[in-house]
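This report looks at two interfaces in one model.

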Amino acid sequence: MSDAAIAVRPVRAAPRGGGLTGLLLVFLPVGLLAWLILYPILRAVIRTLVVQTGTGPALSLETYRFFFTDGYSLANLWLTLWVTALCAVLLLAVCLPIALYLRFAKSRIAALVQGLALFPMFVPSVILAYALIRTLGPNGAVDLVLNAAGLPKIASPYLTPAGPVIGLVWDNIPLTVLMLVAGLGNVSDNAVEAARDAGARPFALLRHIILPQIGNALLVVLSFTVLSIFSAFTLPYVLGPASPEMMGPFMQRTFTDVQDPRMAITQAVITFAICAGFGAFYVRSIARNREASR
Amino acid sequence: MTAHPTRRRFLQAGGATAAAAALMPRLALADDGTVNVYTGSDSNISDFWTNVILPGFRAQNGSVNVRVVDAGDSAGLRAIADRALAALGTGKDPQVELFEAFTPDQTAGGVEAGLWVDFAEAGIDGWDRVNPEAKQTDLDLPYRGSQVLLAYDATRIDPAEAPRSWEALTAWIAANPGQFIYNRPDKGGSGGNFVRRAIHEANGRDPKAFTIASYSEAFAAEALAPAWDILNAMAPDLYEGGAYTSGNTQSIQLLAQGVVSMTPVWSDQVLQAVSMGVLPETTGLVQLQDLALCGGFSRMMVPVNAAEKAAALELASYVLSAEVQSKIITGLGGFPGVSWDHVDPALREAYADVIPATIPTFPSGPWDAAVNDGWYRNVAPGISRG
């Protein structure tokens, strides 16, 4: 018993010293996180909850009550949730086939497809918004081609909720494809070939061999896209309808135009709370992943 | 005139934006005898300052160095003005000499603290030439104006038939569904002043009824509700049954692409768009004759604690000179800030048709939030669109 304890001691001491170095190493990012993110969040929450009255500070839920009883604000929140959910589904539908192709294709065309899939990453969203107006917008390039072929014009998505959905999906393709391809890297060629040898058809292969192994990657993809789409600003601002607004433009308008910072921060806190929920998904899946690989 | 979507994502904590805006110039600028001009206007205006005003000023005052900084929009200018107000209390250099496109009422407590130079007292050269119609207070110097008017596709609308009254305009919109669009009132003044013209229409076409002092929640509710009715009645006949563009430029773009036949525009922007070929030569312009669409003057302001105050006042005076004021007409498509009697007679004659007798204005201050947010809540969702 005592021999075992002695044998264990040096092993334990090593990680203790390493822990201190590790803490020092993460101090900078953690400190920055606390200063630039956690502290403003805490301040924002306090600013929305505490009001100065004649007798001193008092707790008030008034702005939250207003938000959750105001039909206009709720419509904006619903639209944001709806656009986010739709974009997430569309992104998976578009990107999973591309990622599967890139994972298993060995041809030269695959490099070209990869280049095309990553291209949106290098296009700023303002440029993208104007490009979409010129192509899919009314009397845009698509309409000109259709007209030349004697076909009727398309129903333009410009200034309708479909506008930002198309823009956001295109804008988020690169990150989604990259993460899915990384996730698909975990799927071993051996498993796929074994299943093929056993006579599995492509769909069964996807369902029983590939999907179970990339569940984690899918979760990560979902939480990332949800986070970035929920807080989108430029595309809904330029391409979307005047009302309902997505939360990004709505917050900006409440802050600068209505000049009601407390209400704008309330909207931001609510948005943040929803995003934090999805963030928790991400953290949980990472933690689970670590445990599994340990 | 426009709010710029410069940020891909809105910061989670709104306060950080103002903090960042206040920090950045402080890091970038030092007290080196430079006149810092902060502008909140579109890029055509900051280009005009850099390419037209500054070379001319330098030719007169070679020793003075001027730097034009784009503050983005009025929210950006507010942050800089708040800094100047704070510096007034501590006696520090505010590192700003001149504000472009700003008004005194936008800085809470600024007027009371005596933050702004009184141009009447300062006796700067040119103050007596400023158009009395354009003057609001002695703390701001109106130096250029522009007005909203209607631009239309003259190949589709006979110029003789173009609407010249509000009634004729609403009749035209109803008779030509889908052919008219205006932008969201907070995203650019062309749509904003179209909405304000509807408010004038609903309240006896009397611009004098609306002043910053006349604002009260009760009066706003009473005056705005009938205007929302007018705009809601017209909504189903607008483009896409009630769609609204997100800026002045986007309205011009739809007109340029032949999607709509008529839209409200800023006079300076549309003249520039025609001269640059964005809009064809066949673009017609018309102003309502029963009561014109609102316009406004952009104002210069100088904080009293500016380190280079004397140079800033010289610059302001130079901007009022006949030389710059003429270029505002020819180069910018704007209206002069000085009375028309003080511009080149040849120009006065050439522009006789577009010189407005009066430019109706609508007060900003608390009205902005009431009008813009009221529009979003009552008009933007539409009746049929839910």
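A salt bridge is a side-chain nitrogen of Lys or Arg within 4 Å of a carboxyl oxygen of Asp or Glu. The side chains of B:Arg377 and A:Asp70 meet this rule, with N to O at 2.9 Å. The model is predicted.

**Chain A against chain B**

The rule finds two salt bridges across the interface of chain A and chain B. The pair B:Arg377 and A:Asp70 is a salt bridge between these chains.

Which elements of chain A give two or more residues to the side that touches chain B? They are helices H3 (71-104), H5 (125-135), H11 (234-239), H12 (247-257) and H13 (261-293) of chain A. H12(A) gives the largest share, seven residues. By class, this side of chain A has 21 nonpolar, 15 polar and six charged residues.

In contacts, 42 residues of chain A face 36 residues of chain B. A:Leu159, A:Tyr237 and A:Ala242 supply 18% of the area that chain A buries against chain B.

**Domain 1 against domain 2 in chain B**

Chain B is split into two domains. Domain 1 covers 15-144 + 296-350, and domain 2 covers 146-295 + 364-378. Their C-alpha centres lie 28 Å apart.

Here 10 residues of domain 1 of chain B are in contact with 12 residues of domain 2 of chain B. B:Asn44, B:Gly296 and B:Phe335 supply 48% of the area that domain 1 of chain B buries against domain 2 of chain B, more than any other three residues.

How many salt bridges does the rule find across the interface of domain 1 of chain B and domain 2 of chain B? It finds zero. Two residue pairs are in polar contact between these domains, both at pLDDT 80 or more. The side of domain 1 of chain B that touches domain 2 of chain B has three nonpolar, four polar and three charged residues.

**Buried areas**

The table sets out the two interfaces.

| Interface | Buried area | Share on carbon and sulfur atoms |
|---|---|---|
| Chain A and chain B | about 3,500 Å² | 53% |
| Domain 1 of chain B and domain 2 of chain B | about 850 Å² | 40% |

Terms used
Residues are numbered from 1 along each chain as its sequence is written. Chains are lettered from A and ligands numbered from 1 in the order in which they are written. This is a predicted model: local features need pLDDT of at least 70, side-chain atom pairs count only at pLDDT 80 or more; totals for chains, interfaces and linings use all residues. Side-chain values use heavy atoms; hydrogens and water are left out. Domain bounds come from an automatic or database domain assignment. Contact means heavy atoms within 4.5 Å. Buried area is the accessible area (1.4 Å probe) that two parts lose on being put together, summed over both. A polar contact is a pair of N or O atoms within 3.5 Å; within protein, one must be able to donate a hydrogen and the other to accept it, and residues adjacent in sequence count only if both atoms are side-chain atoms. Ala, Val, Leu, Ile, Met, Phe, Trp, Tyr, Cys and Pro count as nonpolar, Asp, Glu, Lys and Arg as charged, and the others, Gly among them, as polar. Helices (H or I, at least four residues) and strands (E, at least two) are DSSP runs, numbered from the N terminus.
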